[in-house]
Amino acid sequence: MTEQSPAPVSTTDSPAPVAGPLTVREISADEAVETLLELGGSFLQTPAWGRAKAGWRRTHLGWFDASGRRVGAGLVLSRTIPRLSRSYAYLPEGPGLPWDVVSTDPAAWIDPLVDWAKANKAFALRLGYPVVSRIWDREPVKKQVVENGLLSFTSLPTAVDNPAARRLEAWLDANHWLPLGADGVAVGQPRLLCVVDLRGRTDAELLKGMNQQWRRNVKKSEKAGVQVRTVGPEGLDTFHALYVESAERDNFLPRPKSYFDVMARSFDSERGEGGSAGGGAVSARFYEAHVDGDVLASALMIRFGRTFSYLYGGSTERNRDARASNALQWQAMRDAAAAGCEAYDFRGFNTSLGSTSPLTGLLLFKLGAGADVVEMVGERELVISRFWHLAFERAMAARIAINKRRKAARASADSADI
C-alpha cells in the first residue's frame, strides 16, 4: 500500500500553527461559510443544507484557538424528543477542520464539541468524519466488480491508505465513538464515494481518463446533437419526472418532488444567508441534456468551493442511443474544472441492497467516467445518555410506524377512487 496524497475530498491547505487550548462557540452563517471554504469543507455543512433539512434545528459552530483565531466550523443539525428539551445532534460530513492536524490530537478538537453538546442537552452526537481512509484505483475495481460482485473490491490492495485516518479511527474506537452501518449497510451519508481528481488536468486529459466505452458514448452524443444546459429551480418538474422514470426502471424508491424543491430553493437563495462570505461559491443547478428541446436526462448538481457534486439524476428510454447521460456528466465535469474545482464527486453508491444489476451498473458508470473509489472514515456516534437515546429511538420508531399507516391509508383511498 502506498501513502499518497488523498483524493481532493475535504482537503486543506497547510494551516497555520494552532495555539491551544481550543474552544467551541456559536458563530454566524457567514463566518461558517468563510471558514468552510478555507478548509475545503462539505456542502452538507453549509447554511443552505441546513435550510433544506426541514424538522431539524441548525446551529453554526466555530472552533477558536487560544489567540482567538477561528480554525474550524461546523453545522449542527439537532432533532428534539417531542415535548422535551433533549436533542440528537448531527454534523453530516463535518465539521470542517484541518483534519491532518486533528489526527495528531483528536481529543483537543473533538472534546470541546462534546462539551458543547452536553451543555446543550444533547443525548447523542453523530459526526460524519470527512477524512479519506482508503482509495482504490478504478481499473482493478471494475474488473473485480464484474467478476465477483459489488463489494468484492474491498478485498483488493489499495492505492492509498491514509495514516492520518488510521490514527483517528484508533482514537475513536478507544473513546466509544461507534461506527454506524456495517457489512455494506448504508447509514446516513455514504462512506464509499466515487471521485474524479480534477487537479491540474485538461479536458483532453479528463477524456483520456475515461474508459473506451465512455469516450465512444461521448462521441455518439455529439453526433446525435445532444446539447447540455443549466437551469435553476424551474427545472424541478422535468428533473423529477425523469428521476421517477429511472426509479421505476431500476427498482428503487424515489424521493418526493417536495424534497428536491426545498433543496434547490435553499441553495438558490444561499446569498440570503451565509452567501456573502461564499462569494457565489455555493450553488445548485439542474443540468439538462436535450436534443432539439426534448430533455433526455437531468441531474441536480451542487458546487461548494473546490468540490463539484452530482447528487441525483434521471433519464428516459427515449432516444437512448443519443447517450444523453454521458453528455450531461461530461459537460458538468468540464464546467467543474473550468470553475477551478479540484474534485468531481459522483457521491456514493448504495451498498445496502446487495449486488443487484442497477447498483453494479451505477458503480461501473461512475468508474468508467474516470472516478476512483474513495472510502471515508464516515459516520460515528457517541451516546451521551443511554436513557434519552433509547427514548429517542422509540419515539422515531413510533413516528415511522404512524407515517407508514398514513401512507397505506392514502394508497387504499386512492385505489378506492379508481
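**Exercise 1.** Classify Cys-341 and Cys-194 as buried or exposed, and state how many disulfides the model holds.

*Solution.* Cys-341 has a relative accessibility of 4%. Buried means under 20% relative accessible area, exposed over 50%, and partly exposed in between (1.4 Å probe, protein chains only). Cys-341 is therefore buried. Cys-194, at 0%, is buried as well. A disulfide is a pair of cysteine sulfur atoms within 2.5 Å; the count under this rule is zero.

The model is predicted: local features need pLDDT of at least 70, side-chain atom pairs count only at pLDDT 80 or more, and totals for chains, interfaces and linings use all residues. Numbering runs from 1 along each chain as its sequence is written, and side-chain values use heavy atoms, leaving out hydrogens and water.

**Exercise 2.** Describe the surroundings of Ser-298.

*Solution.* Start with its element: Ser-298 lies in strand β11, residues 294-304 (strands are DSSP runs of E, at least two residues, numbered from the N terminus). Its relative accessible area is 1%, so Ser-298 is buried. Next, take contacts (heavy atoms within 4.5 Å): leaving aside residues up to four places away in sequence, Ser-298 touches residues including Phe-239, Tyr-287, Tyr-312 and Leu-328. Finally, the Ser-298 side chain reaches the backbone oxygen of Tyr-287 at 3.4 Å.

Key:
Helix = DSSP H or I, 4+ residues; strand = E, 2+ residues; numbered from the N terminus. Polar contact = N/O pair within 3.5 Å; in protein donor to acceptor, adjacent residues only side chain to side chain.
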